[in-house]
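Me: I'm just starting out with protein structures, and I'd like a close look at one single part of this one. Could you pick a helix, walk me through it, and then show me what surrounds it?

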Amino acid sequence: MILIVSKREALPGRGVLVVYLGALALALGLCAGMLLLAGKPALGGLAVLFQGAFGQAHSLLDALLKAIPIFLCSLGVALCFRMQIWNIGAEGQFALGAVGATWAALSFGGLPGALLLPLMFLSAMALGALWGLIPAVLRLRLGVNEIISSLMLNYVGILVLEYLVFGIWKDPASFGFPMTSEFPAGAQIGRMGASLGTGLLGKLHWGLLACPLAGLAYSVFLGRTRLGFELAACGEGERVARYARLPYGFLVLLVMGLGGALSGLAGCIETSATLGRLQPTVMVGYGYTAIVVAWLARLKPWPIAFTAFLLAALRVGVEAMQLELQIPAAFGQIMEGAILLCVLAGQFFLTYSVRLRRPAPSEAPS
Amino acid sequence: MSPELVVALLAATVQAGTPILFATLGEIISERAGVLNLGVEGCMALASFAGFLVCHQTGSAWLGLAAGGCAGALLAGLHGLVCQVFLGNQVVSGLALTIFGVGLCNFLGTPYVGQATVGFQQFAVPALSELPLLGAVFFRQDALVYLSYLTPVAVWFLLWRTSLGLGLRAAGEMPAAAAAAGLNPLRLRFLGVLLGGFLCGLGGAYLSLAHTHLWTTSLSGGRGWVAVALVIFAFWRPGRAVAGAYLFGGIMAFQLRLQASGTNVPSSLLLMLPYVLTVLVLVLSAARARSAHGRGSAAPAALGVNIEPEG
């Protein structure tokens, strides 16, 4: 018997779902194995995971809240991935966004919310964009590999945040804990509670609105504008783009700037709406989850939204595992890595078909 | 600065540079064979735990080292499987590998945080350690550091003086030509990835067995990424990797020494140094690669490009 590998004519419709589900099952199996390795119940652990993630209304709501920053960061990196610019720096851009928002909140705390919040959004997006533009400029001017430079800026960005929170921004009344003082009311993104009642939904905050707006802008930009089409063409590679006289350099700056701004916005929303102050715990790796989400969703906006929610739900489930089974939080990372690896391998079957064939008598077995 | 302090700082430079050197050499082999492995950080992290665990259970540092190397190779093999056999994107697969490896290290390692190991101890090499300055800096170290002096030579010999090395490089430059010459580029690439992962694993094991004798999670702390950057700095050559690794060893040792001396420079600014330096080093090597008209400083031609199946 010999294996015949050949390229498929067209993407199989239902096949995509089969491949993704198969990959997901394989990844879950792998994770269950890791649980056994650590001496934890495998099936019981996964049960707690799913129960914690999807079992109750409040866990779904929690997932929705966590999905907001993941979705925004993911749109940002997906924009860059579309033209094969490997922006791994969402985490650092998120950190700078949080810093920018905090700067505005602490400096202009006396302003009313209608002025202060836009100012925070602006400064957060500007700093995030700046953090994204550094690797872009280095890449265009000097040919510096953007994967490593954007990743290194993650570490630097987080340390900038820590420097400020441990230093000049530390609240004197915090008993030495590294955190700023609580933002004035005008700098906190409000809860929808007032209009949705005091029930569960009341926990949702207005930052959620940023998601449909950003998603819509992403779709319109890519599908309806000239620059968007040019961007897609640049995905074929730099040489092709330059040969076709596309504005390659400008587009690199644009996607890295916009990507940084989106991650910065996520940092602003997370700081203002979820914590109400800046502290190092704002950094929980959403920027890295966003990369996993973008790739799993094949860079398309609706799948990004769905996948962001799914991975946010997994994070909620892992919290339940932490509480009930004392499983370290890193289990979430293992799952994200395993799912991405399995889906990557599975995508092979979308591009190629593999068949077993008996060698013809004239053929020598190879 | 007193002469004793300079010697201590240089000796610490060699120690801090050693794990980075192993990992950089590993990534050079992998990339020379055409496979970009961005999972170095994950390989190092997992290997640091595997090394600790085996040493902790058996009491043998050498078994721990072997376990670290194997863990690194195993994880790198996963990368090879995903992107060589299943033709996944090498960048994304490597990133996934780092997320997976670092996660696994922290997941399995959390119950052991704070446990001590014996690991490797320093010993003076007879005669050589009596050399003025050099003796104290280079020859009063542990066995792994001595091993790291030989590794660059071994990697150079493998890549440029053996037919296997020629095959590996051919698989990275032009796999079709390698196949036409009767070699199996896929198998060669896989071998390159495994060897590279093994060396990254040695670097990771060094962290838990010799660098600190106390287990904590996240020991790798970005060193894997520094190694990926240093491969570019080294122009994919083992000799220059030594210089790069000790440069970073120096900045890390300096930064630690400064923190320990109770300076009033905030630690977050000191901790930034290696990461900022990485970006600077990339800028410098990019400028140099351009001025030298790319001669001898370019990446392997088929780096990051998967071998498409025929038909």
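Reply: Let's take helix H6 of chain A, residues 146-166, in this predicted model. For comparison, buried residues make up 49% of the 366 residues in chain A.

Now zoom out to the chain around that helix. Chain A has 15 helices and two strands. Its radius of gyration is 23 Å, close to the 21 Å that the globule rule gives for 366 residues, so chain A is as compact as a globular protein of that length. Along its principal axes, the C-alpha trace of chain A spans about 85 × 60 × 40 Å. Take the contacts in chain A between residues at least 6 apart in sequence: 76% of them join residues at least 24 apart.

Ala105(A) sits in helix H4 of chain A, residues 90-107. Ala105(A) counts as buried because 30 other C-beta atoms lie within 10 Å, and the cut-off for buried is 20 or more. Setting aside neighbours within four places in sequence, Ala105(A) is in contact with Leu116(A), Met120(A), Phe183(A) and Ala187(A). Look for Arg277(A) too: 172 residues separate it from Ala105(A) in sequence, yet their C-alpha atoms are 9.1 Å apart in space.

Next, the domains. Chain A is assigned a domain 1 (1-40 + 330-366) and a domain 2 (51-326). Taken over C-alpha atoms, the centres of these two domains of chain A are 31 Å apart. Where they touch, domain 1 of chain A gives seven residues and domain 2 of chain A gives 10. The domain 1 side of that contact has four nonpolar, one polar and two charged residues.

Terms used:
Residues numbered from 1 in each chain as written. Chains lettered and ligands numbered in written order. Predicted model: local features only at pLDDT ≥ 70, side-chain atom pairs only at ≥ 80, totals over all residues. Domains from an automatic or database assignment. Contact = placed C-beta atoms within 7 Å. Nonpolar A, V, L, I, M, F, W, Y, C, P; charged D, E, K, R; others polar. Helix = DSSP H or I, 4+ residues; strand = E, 2+ residues; numbered from the N terminus. Expected span 1.5 Å × (residues − 1). Rg over C-alpha atoms; globule rule 2.2 N^0.38 Å. Buried ≥ 20, exposed ≤ 12 C-beta atoms within 10 Å, placed from the backbone.
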